[in-house]
Structures are given as C-alpha cells and as structure tokens.
Amino acid sequence: MTHYPTLTETVLALRNGQVSSEDTVRSSLERIQELNESLGMFIHVDSEGALERAREADEQLAAEASASTYQSELPALLGVPTSLKDGHDVAGMPTTFGSLISRGDDGRFPIATNSEPLAQTLEATGAVMLGKTQVPEFLLNCYSENRVFPPARNPHSLRHSPGGSSGGQAAAVASGVLAGAIGSDGGGSVRIPAAACGLIGLKPNRGRVPSSDALNNVGQLGVNGPITRTALDAALLMDVLCSTPGHTAIDRPVSAVPERSFTSVVSRALAGDAPWGDRPLRIGVSTASPFEGTYDITVSPEAQLALTEGVRQLQALGHHVEDADISYAPGYADSFFKLWTTAVGQVPLAAGQESQLTGLARHFRSAALDRSAVDLADAVSAIRAFEADTIAQYASYDMILTPALAMPPRPIGWFFEGYDMADPEGAERDYMRQCQYTPYTSFINVVGLPAISVPTVWTQPESGDYPAQVPMGVQLVGAASSEAWLLALAAQLEPPTDPPAA
C-alpha cells in the first residue's frame, strides 16, 4: 500500500526543514506529468510559475527558521502545492468552466487578470498554485466530463468517474498529486467526488466560508469545502477558509456560529476529548430521499454495505444509532430542478453558441428560459418550506447518517450512455441518472446544514467492470454550525482513505 503524505505531515515537514517546497512542488509536477494522460485531472499546469513560487516560499521558510520566530506565525500553507477547479479565476491562468463557449474569437480561452476570493485566500496562506483541474460544463454535474478536455478518471478504477463537479480535485488528492484540495459544493460537488475516490469531503454550513457563503445565488446552495485524506487535514483547510480570507469579507447577517480553531477541536478529539463530552451521540439512520416518487431510488448492495459498516463503527465508538423515521414532502425534485437550472439561463450566449453546449446544458438552458418569474418564485418558496421541515425532523438527533452515494463509482460516459454528449435528447435520462446516483446530497445544500462524506469500506462491486476494490462510504449531516463535531467524529472513525494492499 502506497502512503501519500497527509496535508498536516506536509506542512510539518516543510516547517521543520525536512523537505523543501521546491522539491515538494517538483514531485507533484512530476506526478502530474506521469499520470495526467490517464487520469485527466489537470486542464492547465503552470510548472514554471509554481516552481518560482516554491523557491520564494523556501526563502521565507529559511528566513523564519534563522530568525527563530514561532512557526505558528508562518502562513498556514506556506510552500504547499495545491490547485483549483476550473470554475475559479486564478490570475494568469485560463478559466473555461468546462465549456466551449468560453473560447474567445481567437479560439483561445481567456486568461484571468485577477484572482477571485478563493484563490486570494490560498495565495494569502502561501500555497503554491500548480494549475486548474477538470470539471463538468458550468460545474453542474456529478461527473467531470465535458466537450473541451478528456474526462477526469478515478485513480482507483480508470474506467470510472471520480465524480463531480470537483472530480479533478479529488483525483489529484487520491492519486497523491496533492495532499489536500478545496472544492465547491452546490449539490454535492465536494462530497460526491470525495466518496467516489475514498476521501473525506466536508460541505460547510451556509454562511460559514467567506469566499463562498452560499448567499449570492438564487438557491443559496454553493459553498467551498475541503477534500482530504484525514479529518485533521480537513480541519486545517477549514481554518484556512474561515480565518485567512485574503480578500475583503462581507459581514453577513446570516452566518455560522464562529469556531476559533477546527484543528484544535479535532486534535482534542483524537486525544479523547470530544466536543460533545462524555455522552454518546444520538444518530438517526435514513435511506429516504426526496427524489423518491419522481425517480426510482435504489440503494445498491455496495452502498448498503458501507452504511452497515458505518453503523457498526459508530456503535463501536459507543454512540446510540437508530433508524430515523424521516419523510420528505413530494415536489422537491421539481423545485430543485428549477433552482439548479436557472444559472444556465443566465449565461450570456452569442448567436450560434448554443450548439457548442453539452446536450444537458442545452436542456437546462431551455427549461430555465421557458420558466416564468412566478414559477421560479414558487420553487424558491417550496424549497424554503422544505428546508424548515427537514431541519425540524433532523432536530431530534445530533446527526443523521445516510449513504454517501447510492451506487459504486459510475463508468465514464454512463450518464449520457447511448447519446453523444452534445445531444439534448439524452439530457432527461442523464439528469435522472445523476439523481439516482446521488440522492442524498443536493437537499443538504438546500437546507444549508453541514455534512461530511467518510469512506467506510473498500469492496469489489457485484456487477460492472471494476479491476479492483473501490471505496464506498457514508454521509453524516450535522446540526447548524456543527462542522467541528462532524470533523471530530470523522477523526474518531479513522476512515480507510488508502486502498487495501493487494
């Protein structure tokens, strides 16, 4: 079994002078060169710029060491290689959003002149930006395939998807290119690829992360969150996201309860001092999904195995785990579809550009443009009522446990199987299959609660062309502002984020 250094180990090694940033970055660049053709993780790599920034980080690390200053004063990720998905502007790098329509008149993709807030946050922490990673068109899908670049693939099974929309980020972490990464999650886009790649993925509470607090879009869905190998690493990235904005943060009236240090909470939990004290947690288990009634939602044997193992592990830790009688009012699927597709209708297109979209994006855009303002307002009202009802049902428990995914990682091309990706005729089935694969993620964005995906087993799927075991896991949904509890519990579970030895 290959051991890839964790993010925490990488930070400590850099600060202690055991490794240099230049060597660490060069190693990541070499792995990209070795693996990217088969994995399709990166769509742009800035090797020269990354090595230059690494040398600058080494100079700062050396200066701080010689001055005998406290290491805690150093930027949190100084010298650590990282990347961002191809939906975030990074100064000097192209942004395509996985869409052909992003090309300019010269056929090239535009180079960002300024970094957006998330990139500014990472720059302020001293992280070394390697490049941009693969996404689906406009970050809308739970798989990372588009018409621009080769598909991102799962490092544990190359015929299968790493999920989406942060699939390139998850593949980079799972393959050892990165020690940790940040994704964005509007409907599961951190938790889905983390689950598909055997990693930990945290969706923060609405209003928690300054660089994406979910309050800027009509559905209030999207947030930035960590994808890592350990809960301690995820806590470190949460501290970075929340405490080092690197940009002017807006003091919103809707926000999460402040947490001084997620890293400290997880460290104490690993030492036996859990944030909930000595009492057991009350955890409700549910496989109910609000997509039921609209689509056939089936929990595969592999997903059930992961859920059963999650229950066993939680009980072994002394927690009270019971079946939760959760039910969802009909109509969620229709209301969510209206919210989810609205953004595509807002994309400005020049004459003739619509044919450059994927078939699914064309379908989404058509639905959005045919929708009246009253229809959208009704959907928002229904979603807010769904939010209140769901939170009220969950309030009987400290956490809710669900499968992370309903099936093992899906084959490349499976979602639009039988159709060209550009053909809108396959769009309705594509979207249905996405809902069937990920029936437990999007509605957590709707209600705004924090949630974490954690691997529990590696298993050989009963059907399909899988060369080896693949990871399967669970999702834990916490109460409002309970990210620290979720991370602490994930740390206690000691999730198997490395594949078993052959």
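**Entry 1: two helices side by side.** I began with a definition: a helix axis is a line fitted to C-alpha atoms over the stretch in contact, and the angle between two axes runs from 0 to 180 degrees between N-to-C directions. I also noted that the model is predicted. Then I looked up helix H7 (residues 231–243) and helix H15 (residues 483–493), whose axes lie 8 Å apart at an angle of about 155 degrees. Angles over 145 count as roughly antiparallel, so H7 is roughly antiparallel to H15. I listed the residues that make the contact. H7 brings Ala231, Ala234, Ala235 and Met238. H15 brings Glu483, Leu487, Ala490 and Ala491.

**Entry 2: another pair of helices.** Next I looked up H11 and H13. Their axes come within 9 Å and cross at roughly 95 degrees. The range for roughly perpendicular is 65 to 115 degrees, so H11 is roughly perpendicular to H13. On the H11 side, the contact uses Gly359, Leu360, His363 and Phe364. On the H13 side, I found Ala427, Glu428, Asp430, Tyr431 and Gln434.

**Entry 3: around H15.** I went back to H15 for Trp485, which is found in this helix. Is Trp485 buried or partly exposed? Its relative accessibility is 24%, so Trp485 counts as partly exposed. The cut-off for buried is under 20%. I then listed what Trp485 touches, leaving out residues up to four places away in sequence: Pro275, Trp276, Arg279, Leu281, Asp398 and Met399. I also checked Ala269, which is 216 residues from Trp485 in sequence. Their C-alpha atoms are 9.1 Å apart in space.

Ser481 sits in the loop between strand S11 (470–478) and H15. Its phi is near 65 degrees, a positive value in a residue other than glycine. Ser481 has a relative accessible area of 18%, so it is buried.

Entry 4: Helix H10 (residues 332–345) has 14 residues. From first C-alpha to last, H10 reaches 20 Å, close to the 20 Å expected at 1.5 Å a residue. How many of its 14 residues are buried? I found ten, and H10 is mostly covered. Among the buried ones are Tyr332, Phe336, Phe337, Trp340 and Val344. I asked what covers the buried residues of H10. The cover includes helices H11 (359–369), H12 (373–394), H13 (427–437) and H14 (442–447).

**Entry 5: the nonpolar cores.** The largest nonpolar core has 57 residues. Which members touch the most other members? They are Leu77, Ile283, Leu401, Ile452, Leu476 and Leu487. A second, separate core holds 55 residues, including Ile192, Tyr295, Tyr332 and Ala404. I had already met Leu487 in the contact between H7 and H15, and Tyr332 among the buried residues of H10.

Not counting residues up to four places away, Leu77 touches Leu7, Val11, Leu122, Thr125, Gly126, Ala127, Leu236, Leu237 and Val240.

Ala127 comes from the loop between helix H4 (117–124) and strand S3 (128–133). With a relative accessible area of 10%, Ala127 is buried. Beyond its neighbours within four places, Ala127 is in contact with Leu77, Val80, Thr82 and Leu122. Ala50 is 77 residues from Ala127 along the chain, and their C-alpha atoms are separated by 9.7 Å.

**Entry 6: a buried arginine.** Arg191 lies in helix H6 (residues 191–196). Its relative accessibility is 2%, so Arg191 counts as buried. I looked for a polar partner. A polar atom of the Arg191 side chain lies 3.3 Å from the backbone oxygen of Thr441. Leaving aside neighbours within four places, the contacts of Arg191 include Asp185, Lys203, Tyr440, Thr441, Asn445 and Gln475.

Entry 7: Gly164 and Ser165 are joined by a cis peptide bond, with omega at about 10 degrees. Ser165 is in the loop between S3 and helix H5 (167–174). Phe97 lies in the loop between strand S2 (81–85) and H4. Its phi is near 55 degrees, positive in a residue other than glycine. Phe97 has a relative accessible area of 33%, so I put it down as partly exposed.

Conventions. Residues are numbered from 1 along each chain as its sequence is written. This is a predicted model: local features need pLDDT of at least 70, side-chain atom pairs count only at pLDDT 80 or more; totals for chains, interfaces and linings use all residues. Side-chain values use heavy atoms; hydrogens and water are left out. A nonpolar core is a set of buried Ala, Val, Leu, Ile, Met, Phe, Trp, Tyr and Cys residues joined through side-chain atoms within 4.5 Å. Buried means under 20% relative accessible area, exposed over 50%, partly exposed in between (1.4 Å probe, protein chains only). Contact means heavy atoms within 4.5 Å. Helices (H or I, at least four residues) and strands (E, at least two) are DSSP runs, numbered from the N terminus. A polar contact is a pair of N or O atoms within 3.5 Å; within protein, one must be able to donate a hydrogen and the other to accept it, and residues adjacent in sequence count only if both atoms are side-chain atoms. The expected span of a helix is 1.5 Å times one less than its number of residues. Angles under 35 degrees count as roughly parallel, over 145 as roughly antiparallel, 65 to 115 as roughly perpendicular and the rest as oblique.
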